[in-house]
Every structure is written in structure tokens, then in C-alpha cells.
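This report describes selected local features of a two-chain model, arranged by topic. Please consult the sequence and coordinates below while reading.

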Protein chains: 2
Amino acid sequence: MPGSKPQTRFPDPQIEMAHGAGGKASRRLIQGLIAPVLGGPLLEPLGDAALVDIGGARVAFTADSFVVKPLRFPGGSIGDLAVNGTVNDLAVSGARPVALVVTLILESGLSSEVLEVELRAIAAAAEQAGVTVVGGDTKVVEHGMADGMYITTAGIGAVDPRAVCSPRLVRPGDRILLSGPIGDHGITILLARGEIDLESDLRSDTRPVYPMIEALIASVGAGVHWMRDPTRGGVASALNELAADARVCIALFEETVPVRDQVRGACEILGLEPMHIANEGQFLAVIAPEYAEQALDAVRSVAGGEEAVFIGEVRDAPARTVLSISAYGGTRVVDMLVGDPLPRIC
Amino acid sequence: MPGSKPQTRFPDPQIEMAHGAGGKASRRLIQGLIAPVLGGPLLEPLGDAALVDIGGARVAFTADSFVVKPLRFPGGSIGDLAVNGTVNDLAVSGARPVALVVTLILESGLSSEVLEVELRAIAAAAEQAGVTVVGGDTKVVEHGMADGMYITTAGIGAVDPRAVCSPRLVRPGDRILLSGPIGDHGITILLARGEIDLESDLRSDTRPVYPMIEALIASVGAGVHWMRDPTRGGVASALNELAADARVCIALFEETVPVRDQVRGACEILGLEPMHIANEGQFLAVIAPEYAEQALDAVRSVAGGEEAVFIGEVRDAPARTVLSISAYGGTRVVDMLVGDPLPRIC
């Protein structure tokens with residue numbers, strides 16, 4: 001009914017950390033409150049880019065806020081994440097990243113040197129990703145009303161007509177490609193906070209994934225049915241979203257999922273599932289089976305893509321489910337992330 | 001020298017509230033630190049939209065963060081501001097606003113009801129402005145690491161080929177058009193905080209200015225040389241930016257600048273200059289003199305534009321200066337805002 005008040009169904013009385021974690025609570029907030037009010041069908045569930053027709057062109061458009069703690073960590077910093085997170089959302093939407101606008105919320109008292117270091121990180125990451133920073137905005141809040149700095153990056157990209165992705169294209173028999181080892185970013189942040197006492201030379205995987213996706217699209221464009229960068233909530237949440245949206249089963253072959261020993265060790269100590277841990281430089285792609293080998297070759301041919309593997313396949317049933325199947329034949333359901341074991345990961 | 005470290009010249013050791021206020025300190029931060037590092041010439045000084053060629057189209061692209069305190073105030077709320085602020089940046093760049101992406105930084109413990117009210121404000125303001133919210137992102141930080149909620153809105157628009165604006169087009173004899181009374185927003189926020197004890201029915205002027213600009217461009221497109229929405233730092237800061245960028249003098253006729261009695265009264269009590277106070281629903285335009293009357297008629301013909309007036313003219317000298325000339329012939333220099341008398345105004 002035009003003009004009627006949209007119906008919401010969000011039972012939680014207040015916002016908790018878990019609503020920002022990318023798992024079940026995030027999906028409840030988005031599907032129950034944000035999407036019904038702001039225009040449901042157009043809002044992608046977890047932050048990929050929207051496609052907008054403008055002036056005769058098809059433009060991918062996205063934005064993400066970054067509140068990672070600490071600001072710097074092995075392998076990167078909030079400035080790197082803010083660029084790579086947004087250009088990766090464009091890339092997995094099948095677009096070539098073109099331009100960014102960067103907005104800063106700064107806490108009064110922040111050292112100018114810390115700010116300059118992050119601005120330089122932004123500039124270097126943008127150069128590496130091949131995008132131009134075309135604008136910005138700066139707000140300052142009182143001491144105690146932020147945590148050093150928060151960064152929001154908005155990005156636009158040119159949609160590649162060779163890449164048409166949608167959960168609707170995903171069908172049984174399709175293969176699940178993963179670009180490299182999972183969990184490096186999330187566990188690096190956890191170690192950087194000193195929350196567990198573990199010697200490690202682990203580094204965040206923050207990087208642009210566009211070079212790998214560009215090679216993939218150039219090689220097998222029509223064979224790419226869906227892509228996603230598994231950030232908050234990890235591979236498990238991204239694939240559960242897909243299983244729900246495409247009404248399929250995603251079957252993973254447990255031993256094929258690449259996890260570094262340090263990530264596995266930290267997860268075992270903390271009772272975490274590596275597939276729930278955030279990544280900032282990996283992507284998942286669903287590939288039509290007839291293109292599978294060619295797709296893998298394309299991604300592996302790119303520097304940084306050498307560890308790409310197939311980790312599973314799409315099946316009919318049980319629909320809306322992600323299963324992990326061990327080499328011994330054991331099967332377990334891999335659910336979305338519940339709660340927020342690793343707050344402020346990006 | 002390619003690859004060399006960009007030279008910065010930002011003497012302030014730490015970030016203070018004034019760096020976010022839109023006046024002299026903001027310009028020092030942007031010109032001394034942000035623009036040199038992130039790519040100077042492409043960064044518009046104070047937050048108007050950038051124009052980007054993408055897929056054969058010319059797209060206006062902007063983003064702003066909003067940290068206004070309190071979240072709600074007479075005439076609007078942070079949700080209204082977040083939409084109108086961004087669509088107005090597109091409009092004064094000569095673009096029709098098309099789509100927004102909204103990102104939220106929420107403080108853990110925020111009431112879901114407060115969030116829903118702001119989401120509905122965003123939806124209503126977007127509908128009024130004729131833009132679609134196409135995406136979003138939500139982050140949650142711990143209690144005490146934000147102030148309820150901060151909103152960032154990114155916007156894209158279709159550049160109107162009839163409107164080509166630049167400080168380079170501004171020349172002596174051009175007239176300065178203002179769409180309506182100044183200072184309503186800033187003083188409303190100040191009163192809403194209870195910082196002065198004054199009875200008032202003043203309301204924020206938050207609204208989209210595109211309908212007025214659309215009429216202006218349709219009527220006298222080639223006669224519009226420059227536009228800006230005078231938000232943080234007010235009319236004085238916007239015109240000082242113009243005077244500096246175009247190397248001209250802006251002469252204002254003091255009695256023609258519309259200021260409501262309540263705004264004037266509050267400014268007198270507090271020792272503030274109305275031309276330094278933020279507006280969220282007004283715009284300034286520099287109009288070639290031969291189009292002046294037609295331009296004014298066009299803006300006044302739009303609902304909400306009835307109070308538009310000419311407040312001054314462009315002169316040769318003294319260059320880089322804004323002068324205010326009283327009816328009695330007195331002349332004073334109107335400088336940019338210094339310090340931050342009204343923090344977190346938007």
C-alpha cells in the first residue's frame with residue numbers, strides 16, 4: 001500500500017556488538033529493520049555493491065565504515081582496510097574499482113602523526129588498487145566520543161558486462177572457488193590486541209582482490225555465477241547467505257579448505273571455527289563446472305592467487321544449508337556466526 | 001618526482017574540534033595534510049562532489065559523515081541531515097542526485113527504537129529528495145566509543161551538462177544569490193543543547209536544495225558560475241573559499257543578508273557572526289549579471305525559494321577578501337570562521 005508505514009520485525013530492544021559482527025544478529029538487523037525501512041529489495045544483505053544506471057552507464061556503488069581496533073596491526077592498518085574493503089566490494093560485484101571518497105571521524109586529541117600515517121596508508125593502498133581518491137570529509141568529535149579514528153570509504157566502479165553474477169544463477173554442480181587461506185585477518189587482530197598469548201608471525205591478508213577477479217572474468221566471465229569477499233562472519237556466513245538466497249546446499253570438503261597452522265591453533269585454543277573468522281583479501285566464487293579448471297588456472301596465474309583452490313560444490317539438498325564433509329565421511333552443519341567473538345575486526 | 005613522499009605542512013600536533021568546524025583550521029588540515037597526501041588537485045576543499053567519468057557517463061560523487069548532537073532537534077534529526085547534506089553537495093555540483101549508500105556506526109546499547117526513528121527519517125528524506133537508498137553497512141562499537149550513532153552517506157548523481165560551475169568562471173560584476181535566511185540550523189542546534197536560555201520556535205532549515213537549483217539551471221544554466229551550500233563555517237567561510245580560489249573580492253551588502261531576529265538575537269548574546277553559522281538547506285550561487293533577474297525569478301518560483309535574494313557582487317579588489325558594506329557606507333572584512341564555537345553541528 002503506497003505511503004503505508006513499512007512493517008519491521010526486529011525483536012532486540014537495543015543494539016549489541018553482535019549486530020555489527022556479520023553473522024546471525026547482523027542479518028536479523030538488516031532483514032528485520034534496515035531493509036524494510038530503507039527499501040528492502042535494493043539493499044544487498046551484507047555490503048556488496050549496488051548497481052545503478054546513471055547517465056547511460058552502469059555504475060557499481062558501495063560504502064563501508066571501518067572501526068578496527070587497534071588502528072595498526074601486522075600486515076596493515078585501518079587505512080589499508082578502508083581502501084581494500086571497499087574496492088573488494090566493487091570487485092566481487094563484477095566491477096572495476098574507479099574512485100573513492102574517504103570520510104574521517106576523528107577523536108579530538110588524536111595525534112596528527114597517527115592521522116598522517118593513516119592518510120599515507122590510504123594513498124598507498126589506493127595506488128596499489130588502481131583507484132583515485134576524489135573527495136573527502138572530516139568530522140571531529142570530543143575526546144571520549146570515538147576511539148582515535150573511524151574511516152568510511154565510498155567507492156564507485158565500472159560494471160564489467162562480461163560478469164553477471166546473482167544467487168539466481170547458482171545451480172547444483174557448480175564449484176566453490178576460494179582464493180587462498182582463511183582467517184589470517186581476524187586472528188591477526190586478535191593477537192595484536194594481546195587477547196591470547198601466542199607467538200606468531202601471522203599477518204593480515206588485507207589486499208585488493210581485483211587483479212585475481214579481473215583474470216577470472218577475462219578467462220571465464222560467463223562461468224562466474226556469484227562472488228563474495230568473506231569479511232565479517234567469515235566464509236561460513238558468506239556461504240550461508242548464498243545457501244539461503246539461492247535455496248541450495250553448499251557442500252564443503254573439509255580438508256580442502258586452506259587454514260594456516262597458526263590460525264587453526266588460535267581457533268582451537270579459543271573454541272572458534274576458522275570459517276567464522278574474517279578475511280580482508282580473499283574472495284569466494286561459484287563457477288559453472290565446465291569452466292572450473294580454466295577458472296582456477298586464471299586465478300592462480302595472478303601474483304597472490306597461487307593458493308586458490310576449490311573447496312566444495314553446490315547441491316540440491318538440504319537447501320539453505322552449508323555442510324562440511326570430512327575425508328572420513330563425517331558431515332556437520334556449518335552455521336552462520338552467532339554472537340561476536342571478535343569485535344571491531346574491520 | 002614520481003614515488004617521492006608528498007610534502008605536508010600541518011603544524012598542529014594534534015586534532016582539535018576546530019579542525020572539523022569548516023573554518024580556518026579545517027582548511028589548514030585539508031590543504032596542509034589531507035590533500036597533499038591523498039592527491040591534492042582532485043580533492044575539493046570543503047566537501048562538494050567530485051566529477052568522475054565512468055563507463056562513458058559523467059557522475060558526481062560525494063560522501064559526508066554526520067555526528068550532530070543531539071540526534072534530534074526542532075525541524076529535523078541526524079537522519080534528515082545525512083540525506084539532505086549529501087544530496088545538497090551533489091546539487092550544488094550541478095548534478096541531479098540519484099542514489100545513496102548509508103553507513104552506520106552504532107554505539108552498543110543504543111535503543112533499537114532510536115535507530116528505527118532515524119532509519120525512517122532517512123527513508124522519508126530520501127523520498128522527498130527523489131533519491132534511492134541502494135546499500136548500506138553497519139558497524140557497532142563498544143559503549144563509550146561513540147555518541148549514540150554516527151551516519152555516513154555517500155551519494156552519486158548525474159551531472160547536468162547545462163551547469164558548468166567553477167571558481168575560474170567567476171568574474172567581477174557577477175552577482176551573489178542566496179536562497180534564504182541564514183543561521184537557522186546552527187542556532188537551532190545550540191538552543192536544542194540548552195547552551196543558552198532563550199525561548200524560540202526556530203527550526204533547522206534542513207531540506208534538499210535541488211528543486212531550487214533545478215529551476216535555476218533550467219532557466220539560466222550558462223549564467224550560473226559557481227554554487228555552494230554554506231554548511232559548517234557558514235556563508236562567510238564558503239565565500240572566503242570562493243574569494244581565495246577565484247582570486248576576487250566578494251562585496252556583501254550587509255542589510256540584504258537575510259537573518260531571522262531569533263538568529264540575530266542568539267548571535268548577539270553569544271558574540272557570534274550569523275555569517276559563520278551553519279545552514280543545512282540554503283545555497284549560494286554566483287550569477288552572471290545579465291542573467292540576474294531571471295535567475296532570481298527562477299529560484300523564487302519554487303516552493304521554499306520565495307526568500308531568495310541577491311546579497312552582493314564580485315569585485316576585482318581587494319582580492320581574496322570578503323567585505324561587508326553597510327547602508328551607511330561602513331566596510332568590514334568578513335573572515336573565515338576561526339575556532340569552533342558550535343561543535344558537532346552536522
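Is Leu51(A) buried, partly exposed or exposed? With a relative accessible area of 38%, Leu51(A) is partly exposed; the class covers values between buried (under 20% relative accessible area) and exposed (over 50%), taken with a 1.4 Å probe on protein chains only.

## Basis of the description

The model is predicted, so local features need pLDDT of at least 70 and side-chain atom pairs count only at pLDDT 80 or more, whereas totals for chains, interfaces and linings use all residues. Residues are numbered from 1 along each chain as its sequence is written, chains are lettered from A and ligands numbered from 1 in the order in which they are written, and side-chain values use heavy atoms, with hydrogens and water left out.

## Surroundings of Leu51(A)

Leu51(A) belongs to strand S1 (residues 50–54) of chain A; strands (E, at least two residues) and helices (H or I, at least four) are DSSP runs, numbered from the N terminus. Apart from neighbours within four places in sequence, Leu51(A) has contacts with Arg58(A), Val59(A), Ala60(A), Ser93(A) and Val159(A), where contact means heavy atoms within 4.5 Å. The C-alpha atom of Leu51(A) is separated by 28 Å from that of Ile277(A), which is 226 residues away along the chain.

## Strand S2 of chain B and its partners

Strand S2 (residues 57–66) of chain B has 9 of its 10 residues buried, so it is largely enclosed by the rest of the structure. S2(B) runs antiparallel to strand S1 (residues 50–54) of chain B, to which 5 bridges join it; strands pair if DSSP finds at least two bridges between them. Across this pairing, Leu51(B) has Ala60(B) as its bridge partner. The hairpin of S1(B) and S2(B) has 2 residues between the strands, and Gly55(B) in that hairpin takes a positive phi near 55 degrees.

S2(B) is also joined by 8 bridges to strand S7 (residues 149–159) of chain B, again in an antiparallel arrangement. Here Phe61(B) has Ile156(B) in S7(B) as its bridge partner.

## The seven-stranded sheet of chain A

Chain A contains an open sheet of 7 strands with mixed pairing, in the order S9-S11-S8-S12-S10-S13-S14. Strands S9 (224–228) and S14 (331–333) stand at the edges with a single partner strand each, so one side of each is left without a neighbour in the sheet. On average, neighbouring strands of this sheet are turned by 25 degrees against each other, direction ignored.

S9(A) is joined to strand S11 (residues 284–287) of chain A by 4 bridges, and the two run antiparallel; Met227(A) stands opposite Ala285(A) in S11(A). Helix H6 (residues 234–246) of chain A lies across several strands, including S8 (175–178), S10 (249–253) and S13 (321–325), and runs at about 135 degrees to S9(A).

## Helix packing

Two packed helices are described by the angle between their axes and the distance between the axes. Helix H4 (residues 184–192) and helix H7 (residues 261–270) of chain B have axes that come within 10 Å and cross at roughly 60 degrees. That makes H4(B) oblique to H7(B). Axes are lines fitted to C-alpha atoms, for helices over the stretch in contact, with angles from 0 to 180 degrees between N-to-C directions; angles under 35 degrees count as roughly parallel, over 145 as roughly antiparallel, 65 to 115 as roughly perpendicular and the rest as oblique. In this contact, Asp184(B), Ile187(B) and Leu190(B) of H4(B) meet Val263(B), Ala266(B), Cys267(B) and Leu270(B) of H7(B). These residues divide into 6 nonpolar, no polar and 1 charged, with Ala, Val, Leu, Ile, Met, Phe, Trp, Tyr, Cys and Pro counted as nonpolar, Asp, Glu, Lys and Arg as charged, and the others, Gly among them, as polar.

In chain A, the axes of helix H5 (residues 210–220) and helix H8 (residues 292–300) come within 8 Å and cross at roughly 145 degrees. Met212(A), Ala215(A), Leu216(A), Ser219(A) and Val220(A) of H5(A) meet Gln294(A), Ala295(A), Ala298(A) and Val299(A) of H8(A). This contact comprises 7 nonpolar, 2 polar and no charged residues.

## Backbone particulars

A cis peptide bond with omega of about -5 degrees joins Ala317(A) and Pro318(A), and Pro318(A) is placed in the loop between strand S12 (309–315) and S13 of chain A. Arg247(B), although not a glycine, has a positive phi of about 55 degrees and counts as exposed at 58% relative accessibility. Arg344(B) has a positive phi near 50 degrees but is buried, with a relative accessible area of 5%.
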